[in-house]
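Here is a walk through one protein model, written for someone who is seeing it for the first time. Have a look at the sequence and the structure, and then we'll go through them piece by piece.

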Amino acid sequence: MAMLEIKDIEVYYGVIQAIKGISFTVNEGEVIALIGANGAGKTTTLQTITGMIAPAAGEILFEGTDIAKIPGHKIVSMGMAHVPEGRRVFAELSVYENLKLGAYTRKDKNEVAETLERVYRSFPRLKERKNQLAGTLSGGEQQMLAMGRALMSKPKIVLMDEPSMGLSPILVEEIFNIIREISAGGTTVLLVEQNAKKALAIADRAYVLETGKIVLSGDAKEMLNNDSIKKAYLGE
Amino acid sequence: MNFLTYLINGISLGSVYAIIALGYTMVYGIAKMLNFAHGDVIMIGCYVVFLAMSRSGLPALPSVALAVVACTLLGITVEKIAYKPLRRATPLAVLITAIGVSYFLQNMALLLFGADTKSFSPVVNVPALKLADGALTISGTTIVTVAACIVIMIGLSLFVKRTKAGQAMLAVSEDKDAAQLMGVNVNATISLTFAIGSGLAAIAGVLFCSAYPTLTPYTGSMPGIKAFTAAVFGGIGSIPGALIGGILLGVIEIFGRAYISSQLSDAIVFAVLIVVLLVKPTGLLGRQVHEKV
Ligand SMILES: Nc1ncnc2c1ncn2[C@@H]1O[C@H](COP(=O)(O)OP(=O)(O)OP(=O)(O)O)[C@@H](O)[C@H]1O
Ligand SMILES: [Mg+2]
C-alpha cells in the first residue's frame, strides 16, 4: 500500500480551477519529484495535501486515512510535515522558538530535546544562531530553519516546496545534500522544484504537472534523458 | 505635591487604559481587526459586579471573579457569532460588524439594566497610603489599580514567552497558515485571545468604575476609545506598547485636565496621538514590517 495516495483531486480558487483531477502515489522511503512550470499547480497540490486548501473533489489517503476530511491542524501529528513555499518562518520569533513550534504537537519533552539536537547537528548554523530572530537570518539560513522546523515534528513524510528558490549555487548544493540526508534517514520526501535537473537527480520517481494536470510520470533517471523533458524543463 | 498627585492619578488612570489596550492590541495582533465592541465588554463587566454586589450581596472578590468569567464567555461568544464567519471578509466588513456589536451590547444593557445612572460602590477595600506627613495621599484604588496592571503585564508577557499556547498565539499573529502547519488550532487560538482580552476588560472595568463610580450603558465607550488610542499610541500589536501607551495617555490626560483645561483634556489626548502618528506611523513601539524574499 502506498504511504500517500492522491486520488482525482480537484481544487478551485473561486471559479478558477487550479487542479483538474490529479492522482499520484508516494511510497514509503521514496523521494518523489513534482515538477512543472510556474503556475502549473505544484504549490496548490502540496497545500491541498496538508489541509491548507480544501479540495472540491477527490481523496487524499495518508496511510489509509482520508486526510482531506481532517482539520488542517491535525495533519502534522499524523506524521506529515510541510516546508512551505517562501519559507514562512516566524520572523518575530527566535530560531529556537521557531524550532520549538515545529514540535508543537509533540508531548514528550525528552524526545523533543533529542530531535532538536539532531536538527542542530544537521544545521550547525541554526545552533550558532539559536537566539537570533528568524526575520534577521539570511535567505539560506531561513530555508534551513524552515526545513529544521518541519523535521522537529519527526515526520514520516516531508513535503518541500521549492527549497532551493533564490539561493546561491553553493547553498543549493547544500540544501540538496540535506534532502539526501533526510531521505537516507528514512523519511519519505515529496519534493516540488523549479530546479528540475537537481530534483530528478535525487528523486526515485517524478510527476510532471502542466496547468493542473499530470502530463507525464515515471522513473526520475529516465526522465532526465527524456527529450521533451529536456527541452521544456532542463533547458537543454 | 500637586504635581506628584496628578502624576500618580495619571499613572493610575493610565494603568486602566493599559489593561484595556491589551485586549485591543492582542486581538488586533492575532485577528487583524479592531474590536470596537471591546469597550462595551468593560461596561457589561461593571454591571455584573454592580448587580452581584448590590442585589445579591456578594463580596467584592467573588463579584469580580464572576465578572471576569462573564466577560470571558461574552468575548468568546461575540467572536464565534459575529467575527468568525468573517474570517476571510474585507477589513471594512469586519469593522462595521464590530461597531454593530458595540451598539448591540449597549442597547442590550439599556434593555436589561435601564438607562438610569447606577452609582458604583468601590470594590477596592485597601487603606490609602499617606506619605510625606500626610501631604501626599495615594488611595487604595490607585494602589490596587497600578499593582493589577503590573501583575497583568508581567503575567501576560511570561504567558506569551514561556507557554506553548502563548507561542502559538505569536505564531498565529504572524502567519496563520504556517501556524496551522505546525499543528496549531488557529480558531481555538483566536478564541483564547478574545477570552483573555475580555477577561482583562472586566478587571479594567471594575478598576475604572471604582475610580469614576457612575455606571450607564455607555460607560465603556470613552475608556474604550482612549484605550484604543493608547494601543495605537504605543504601537498596535505590541504588549509593552500597550503599557507605555496607556500610562502616557493617562498622564497626559490628567495633566491636561489639571494644567490646561478640563474641557480640552480629551482633545489634547487625541492631538498628541495625531502628532505621534505623524512622526512615527507605527506608534512608539510599533515594529517595522520586515519581509525577506
Ligand atoms: N490564492 C490564489 N487565488 C487565486 N488563484 C491562485 C491562488 N493561488 C494560486 N492561484 C492560481 O492557481 C494556479 C496554480 O498556482 P500554484 O501556486 O499552485 O502554482 P505553482 O506550480 O506552485 O507555481 P510556481 O512554480 O510559480 O510556484 C496559478 O494559475 C495561480 O495563479
Ligand atoms: Mg509554487
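Let's begin with Q143(A), which counts as buried because its relative accessibility is 1%. Buried here means under 20% relative accessible area, exposed means over 50%, and partly exposed is anything in between, with a 1.4 Å probe and protein chains only. Q143(A) sits in helix α5 of chain A, which covers residues 139–151. Helices (H or I, at least four residues) and strands (E, at least two) are DSSP runs, numbered from the N terminus.

Before going further, a word on the ground rules: this is a predicted model, where local features need pLDDT of at least 70, side-chain atom pairs count only at pLDDT 80 or more, and totals for chains, interfaces and linings use all residues. Residues are numbered from 1 along each chain as its sequence is written, chains are lettered from A and ligands numbered from 1 in the order in which they are written, and side-chain values use heavy atoms, with hydrogens and water left out.

Back to Q143(A): leaving aside residues up to four places away in sequence, Q143(A) touches V83(A), R87(A), E162(A), P163(A), L167(A) and I175(A). Contact means heavy atoms within 4.5 Å.

Two of those names lead us on. E162(A) lies in the loop between β7 (157–161) and α6 (169–184) of chain A, and E162(A) is itself buried, at a relative accessible area of 5%. Its phi is near 50°, a positive value in a residue other than glycine. R88(A) also has a phi near 50°, again positive and again not a glycine. That residue belongs to the loop between β6 and α2 (95–102) of chain A, and with 26% relative accessibility R88(A) counts as partly exposed.

V83(A) takes us to strand β6(A). β6(A) and β7(A) run parallel, joined by four bridges, and A81(A) stands opposite V158(A) in β7(A). Two strands pair if DSSP finds at least two bridges between them.

Now for β3(A), residues 31–36, where six of the six residues are buried. V31(A), A33(A) and I35(A) point one way, while I32(A), L34(A) and G36(A) point the other way. β3(A) pairs in the parallel sense with β8(A) (residues 188–193) over five bridges, and I35(A) stands opposite E193(A) there. β3(A) also pairs with β9(A) (residues 205–210), in the parallel sense and over five bridges. In β9(A), R205(A) is the bridge partner of I32(A).

There is an open sheet to look at too: four strands of chain A in the order β2-β1-β4-β5, with antiparallel pairing. β2 (16–26) and β5 (65–66) stand at the edges with a single partner strand each, so one side of each is left without a neighbour in the sheet. Strand β1 (residues 4–13) of chain A pairs with β2(A) in the antiparallel sense over eight bridges, and I6(A) stands opposite F24(A) in β2(A).

Next comes the ligand. What surrounds ligand 1? There are 13 residues around ligand 1, and the closest are N38(A), K42(A), T43(A), T44(A) and E85(A). A residue is near a molecule if one of its heavy atoms lies within 4 Å of it. By class, this shell has four nonpolar, six polar and three charged residues. Ala, Val, Leu, Ile, Met, Phe, Trp, Tyr, Cys and Pro count as nonpolar, Asp, Glu, Lys and Arg as charged, and the others, Gly among them, as polar. Helix α1 (residues 42–49) of chain A gives the largest share of the shell, three residues.

| Side chain | Ligand 1 atom | Distance |
|---|---|---|
| Y13(A) | nitrogen | 3.4 Å |
| N38(A) | oxygen | 2.7 Å |
| K42(A) | oxygen | 2.7 Å |

Taken alone, ligand 1 exposes 630 Å², and the protein buries 59% of that. These accessible areas come from the Shrake-Rupley method with a 1.4 Å probe; for residues, only the protein chains shown count as cover.

Finally, H73(A) is found in the loop between β5 and β6 (80–83) of chain A. Is H73(A) buried or exposed? At 17% relative accessibility, H73(A) counts as buried. H73(A) touches Q180(B), G183(B), V184(B) and N185(B), not counting residues up to four places away in sequence. A polar contact of 3.4 Å joins the side chains of H73(A) and N185(B). A polar contact is a pair of N or O atoms within 3.5 Å; within protein, one must be able to donate a hydrogen and the other to accept it, and residues adjacent in sequence count only if both atoms are side-chain atoms.
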